[in-house]
Amino acid sequence: MTSFSNYVVPLVSFSLFVIFVLKWFFNPASTAGKKLPPSPPKLPVIGNLHQLSLYPHRALQTLSKRYGPLMMLHLGSVPTLVVSSADAALEIMKTNDLIFSNRPKVTIPDKLVYGSKDIAFAPYGEHWRQVRSICVLHLLSNKRVQSFRYIREEETDLLIQKIRQSSSSSTSVTNLSNLLVSLTNDTISRVALGRKYSDGEAQGSTKFELMLKEIMELSGVFNAGDFIPWLKWISKVNGFDARADKVIKSFDEFLSGVVEDHRNRNQGKTDLDDSSNHADLVDLLLEIQRENKSSFTLDDETIKAVIFDMFGAGTDTTYTSLEWTMAEALRHPEIMKKLQNEVKQVVGSKKQVAEEDLEKMLYLKAVLKESLRLHPPIPLLIPHQSTQDTKIMGYHIAAGTQVFINAWAIAMDPMNWENPEEFNPERFLKNTALDFRGFNFEYIPFGAGRRGCPGITFAVTVNELALAKLILNFDFALPIGVKEWDLTEDSGSTVHKKNPLLVVATPSC
Ligand code: HEM
């Protein structure tokens, strides 16, 4: 006969489980009695993870239309505030910027940058402040960006030369995406590392570019263990950890080689003057390390992490934005025509674009801005995290909450934008004060506040010059047999075009 305990033990266990799930579902203990932002219903264990889809910025926009501009999701066990309006973004990145300037720890980036010793993933604090200010001062400030003008000019000329070579006949197809990747990688390599690391390798994707591509891909992959800690084993079993360890090791060897080369080259030299000596970022970081003047120690891992950031945060985003801009201009022949007219008229009989011409190319600037509105390369920015309990728009936000700021949804909000779905550069000509430097919260493709992108000037100067030269030098057409320009998005934390931009380029001058 079955004993009494055979019934009671499972019954009690089941009841406890139901109580636990209901309690977790409706009333998390730490926030009982506090007014929380609205949340869509969640499932046990995974919470709202299933609602993110392959295109989280789009899925979150849809949810925010129902639940509002401040919405609380539970991604596994990670409470996540989703911000989807300009007013709410201002509350987070201006009024309460200090509280929301931390970053959550995410496995792959953390491993890649030696335990978050870089800028982009470092927790808010002294280390972050020091490395960020070194990079801004020596690489990303307006003055430094101006001093690299010759590099931008040479690299954009090379881009034009490569397109001419690859478009030898009127039907030759050029993979513009690949060439734009090389342009941004090579430009950043030269200013940060002093030379190109694709030198001597065949055209197309070089070993260095493939390594970076793999890293960017892995950084965008959904890693269940980051949200549900007891599922960490999955990434071991499915080979994700091994794949990540392999590329991290190769990149570490590459970065260690770069640091050693610079160290050997600079032995015996004192007082590297960054402007006269053409010292690159690694030279300057090593000099700061040698001088060891402040309490802050710049160890080799930090130097490698900072170099990594310049590529990780700088190349993918910059080329992606140029790729989207070209794709949109090609899809809108009337916009392409206006662009060509402006560039030709400003350049005149010189037949060559110089950087000072760009100031007069207002339509070109508007096209780049509109492209960053419709296609912000990092639509959810880099996640922020709160460091203390606070109230935003009347809602309680607990310390340690992860924050996604949906810059894409904000830039598509009909409250602030007329016909937001339309690619219409004129809107930026009508309102020239509307800028992406973090003061207009309806338009924040580079983020805003303390954690806003420090590479804006760097990126914009390369992209404006490259776009003007492309437009001046070529007419572009679809490859034979292709009916229309494709603008499908890929998935990932940086949103690229899913398919490379293939063009038939005919020299126009
Ligand atoms: C079109 C090109 C670019 C776009 C759209 C872009 C966008 C962004 C965004 C959205 C963030 C996060 C802001 C936030 O979390 O609030 C960011 C951070 C960052 N970006 Fe950029 N970026 C671009 C180019 C660059 C370049 C060229 C560099 C450097 C060479 C760079 C370096 C960084 C760094 C170091 C951070 C981390 C800042 C921090 O956490 O303090 N970016 N960028």
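These legends walk through several close-up views of one predicted protein model.

Residues are numbered from 1 along each chain as its sequence is written. In this predicted model, local features need pLDDT of at least 70 and side-chain atom pairs count only at pLDDT 80 or more, while totals for chains, interfaces and linings use all residues.

**View 1. The whole protein, as a starting point.** The protein has 18 helices and nine strands; helices (H or I, at least four residues) and strands (E, at least two) are DSSP runs, numbered from the N terminus. Of its 509 residues, 40% are buried. Here a residue is buried if 20 or more other C-beta atoms lie within 10 Å of its own, exposed if 12 or fewer, and partly exposed in between, with C-beta atoms placed from the backbone. Among the contacts with a separation of 6 or more, 71% join residues 24 or more positions apart; two residues are in contact if their C-beta atoms, placed from the backbone, lie within 7 Å.

**View 2. The shell around the ligand.** Look for the 26 residues that surround the ligand, of which Gly314, Thr317, Gly447, Cys453 and Gly455 are the closest. A residue is near a molecule if its C-beta atom, placed from the backbone, lies within 6 Å of it. Helix H5 (126–140), helix H13 (300–331) and helix H18 (456–473) are the elements that give two or more residues to this shell. H13 gives the most, with seven residues. The shell is made up of 16 nonpolar, seven polar and three charged residues. In this scheme Ala, Val, Leu, Ile, Met, Phe, Trp, Tyr, Cys and Pro count as nonpolar, Asp, Glu, Lys and Arg as charged, and the others, Gly among them, as polar.

**View 3. Tyr114 and its contacts.** Tyr114 sits in the loop between helix H4 (107–112) and H5. Tyr114 is partly exposed, because 19 other C-beta atoms lie within 10 Å. Leaving aside neighbours within four places in sequence, Tyr114 is in contact with Glu301, Lys304 and Ala305. Tyr114 and Glu301 are 187 residues apart in sequence, yet their C-alpha atoms are 6.3 Å apart in space.

**View 4. Helix H8 against helix H9.** Helix H8 (residues 176–193) and helix H9 (residues 207–220) pack at an angle of about 95°, with their axes 11 Å apart. Therefore H8 is roughly perpendicular to H9. Where do they touch? Val181, Ser182 and Asn185 in H8 meet Phe208, Glu209 and Leu212 in H9. The residues of this contact divide into three nonpolar, two polar and one charged.

**View 5. A sheet of three strands.** In this open sheet the order is E3-E9-E8, and the pairing is antiparallel. Strand E3 (174–175) and strand E8 (474–477) stand at the edges, each with a single partner strand, so one side of each has no neighbour in the sheet. Four bridges link E8 to strand E9 (residues 502–507) in the antiparallel sense, and Ala477 stands opposite Val504 in E9. Two strands pair if DSSP finds at least two bridges between them.

**View 6. Strand E7 and its partners.** Strand E2 (residues 78–83) and E7 run parallel, joined by four bridges, and Thr80 has Gln402 as its bridge partner in E7. Strand E4 (residues 384–385) pairs with E7 in the antiparallel sense over two bridges, and Gln385 stands opposite Gln402. From strand E7 (residues 402–405), Gln402 and Phe404 point one way and Val403 and Ile405 the other way, and all are buried.

Note on methods:
Axes are lines fitted to C-alpha atoms, for helices over the stretch in contact, and angles run from 0 to 180 degrees between N-to-C directions. Angles under 35 degrees count as roughly parallel, over 145 as roughly antiparallel, 65 to 115 as roughly perpendicular and the rest as oblique.
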